[in-house]
Amino acid sequence: MTTELHAPGSAPTLEMVAALAGVSRSTVSRVVNDSPKVTPEALAAVRAAIDQLGYVPNRAARSLASRRTQAIALVIPENTAKFFADPYFASVIQGAAMRLSATDYTLTLLIASETDPEKTRRYLQAGNVDGALILSHHSDDRSYVALSRTMPVVFGGRPARHDDGPDPVYVDVDNSSAARAVTELLIHGGRKRIATVAGPGDMTAGLDRLEGWRAALTEAGLPTDLVEHGDFTPASGAVAMERLLARGEPFDGLFAASAQMADGALSVLRDRGLEVPRDVGVVTFDDDYFAQRATPPLTTVDQEEGEVGRTMAELLLRLIDGEEVPRVTMMPTALVRRASE
């Protein structure tokens with residue numbers, strides 16, 4: 001599915017930044033070159049003007065006009081521990097790398113700084129790369145949406161909207177419909193009280209999967225009150241399951257919004273003497289090793305992460321070449337049925 005087209009536009013000038021910030025041209029130049037000889041007040045005013053105008057520093061513009069760096073950044077706005085533990089990232093990166101292997105581009109992995117998120121954006125704007133792929137976007141990562149208006153950027157997953165500007169280019173799956181379909185398997189199997197371990201509320205994937213679960217239960221006339229949230233990690237799935245059980249309200253089905261959270265939930269169910277699927281039918285999202293090696297193996301949604309990465313890279317290459325591309329590319333999903341329902 002596609003929507004309106006997008007191509008990067010021309011960048012504002014240094015003089016426009018200076019006028020908006022109420023400072024001299026030389027002050028703006030010192031700020032973009034990270035000079036320490038700028039007052040905190042001027043620094044704040046210039047950075048605000050750069051954000052508002054979407055200004056790209058001249059050194060980046062000159063680099064892009066005269067030659068390409070032949071480098072593409074893949075940005076992960078997550079902490080290091082979560083990145084290395086999540087097989088989703090590895091699959092998407094592999095897909096992107098395989099597409100770029102047939103080109104002269106190198107793929108640079110950037111794990112965004114937890115203490116200074118702006119450092120990553122400054123690096124990207126400084127002309128070090130020709131474009132960026134952004135994965136695991138959170139609603140408070142505003143700078144990356146703004147960045148997409150000044151350089152070629154493709155997001156993995158729909159970014160949350162922050163203003164009335166144009167939507168960035170992104171590749172996604174229909175998380176809501178897929179979550180609804182996998183939840184309906186539990187309903188059709190006769191489950192009447194279906195809980196969910198939902199994803200984080202600051203990520204569109206988490207919100208959409210919760211919406212799909214709720215839509216399936218509402219359509220069937222079943223209650224939608226058994227909700228606890230996690231952050232897509234096994235530990236958070238275990239904590240969420242502990243909270244569900246602590247409520248003292250019986251349930252015979254569970255949709256976990258990621259296979260990692262399902263893994264954590266299963267460990268708690270086992271500790272409590274509950275058997276899957278005899279006592280609780282479990283379905284989830286992502287066909288990774290957490291789903292495949294679970295006991296029993298889990299019915300899940302396969303979103304073909306490698307193909308998502310390949311498509312992201314393809315769209316970014318076209319953007320870098322100045323082509324118009326679809327703002328939205330929706331990838332297919334498939335239900336994988338196993339013994340956990």
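Select helices α11 and α12: their crossing is right-handed, meaning that the near helix is turned clockwise from the far one by less than a right angle. The axes of α11 (residues 234–246) and α12 (residues 259–271) come within 6 Å and cross at roughly 50°. Axes here are lines fitted to C-alpha atoms, for helices over the stretch in contact, and angles run from 0 to 180 degrees between N-to-C directions. The two helices are therefore oblique to each other; under 35 degrees would count as roughly parallel, over 145 as roughly antiparallel, and 65 to 115 as roughly perpendicular, with the rest oblique. Now show side chains. On the α11 side the contact includes Pro234, Ser236, Met241 and Leu245. On the α12 side, Gln260, Met261, Asp263 and Val268 are among the residues involved. Contact means heavy atoms within 4.5 Å. Helices (H or I, at least four residues) and strands (E, at least two) are DSSP runs, numbered from the N terminus.

The model is predicted: local features need pLDDT of at least 70, side-chain atom pairs count only at pLDDT 80 or more, and totals for chains, interfaces and linings use all residues. Residues are numbered from 1 along each chain as its sequence is written, and side-chain values use heavy atoms, with hydrogens and water left out.

**The sheet**

Next, select β3, β2, β4, β5, β6 and β13. In that order these six strands form an open sheet with parallel pairing. Two strands pair if DSSP finds at least two bridges between them. At the edges sit β3 and β13 (328–331), each pairing on one side only. From one strand to the next, the twist averages 20°.

Zoom in on β2 (residues 71–76). Is β2 enclosed or open? Six of its six residues are buried, so β2 is largely enclosed by the rest of the structure. Buried means under 20% relative accessible area, exposed over 50%, and partly exposed in between (1.4 Å probe, protein chains only). One face carries Ala71, Ala73 and Val75, and the other Ile72, Leu74 and Ile76.

With β3 (residues 106–111) it pairs in the parallel sense over six bridges. Pick Ala71: its bridge partner in β3 is Thr106. Four bridges join β2 to β4 (residues 131–135), again running parallel. There, Val75 stands opposite Ile134. Then bring up α6 (residues 87–100). This helix lies across β2, β3 and β4, and runs at about 155° to β3.

Slide along to β5 (residues 153–156) and β6. Three bridges join these parallel strands. Gly156 has Val171 as its bridge partner in β6.

Select Tyr170, also in β6 (residues 169–173). Tyr170 counts as buried, at 10% relative accessibility. Its touching residues, not counting those up to four places away in sequence, include Phe155, Arg158, Arg327 and Val328. Draw a C-alpha distance from Tyr170 to Met330: it reads 8.6 Å, although the two are 160 residues apart along the chain.

**Helix α10**

Select residues 204–220. At 1.5 Å a residue, the 17 residues of α10 should span 24 Å, and its end C-alpha atoms are 24 Å apart, which agrees. The expected span is 1.5 Å times one less than the number of residues. Buried residues in α10 include Thr204, Asp208, Arg209, Trp213 and Leu217. The buried residues of α10 pack against α9 (175–188), β7 (194–198), β8 (227–229) and β9 (253–256).

Step across to Thr183 in α9. Thr183 counts as buried, at 0% relative accessibility. Not counting residues up to four places away in sequence, Thr183 touches Ile194, Trp213, Ala216, Leu217 and Phe255.

Most residues other than glycine have a negative phi, and most peptide bonds are trans.

- Phe232: phi is near 75°, a positive value. Phe232 is in the loop between β8 and α11 and is buried, at 10% relative accessible area.
- Glu304: phi is near 50°, also positive. Glu304 is in the loop between β11 and α14 (305–320) and is partly exposed, at 37%.
- Val276 and Pro277: a cis peptide bond, omega about 5°. Pro277 is in the loop between α12 and β10 (281–283).
- Thr295 and Pro296: a cis peptide bond, omega about -5°. Pro296 is in the loop between α13 (289–292) and β11 (300–302).
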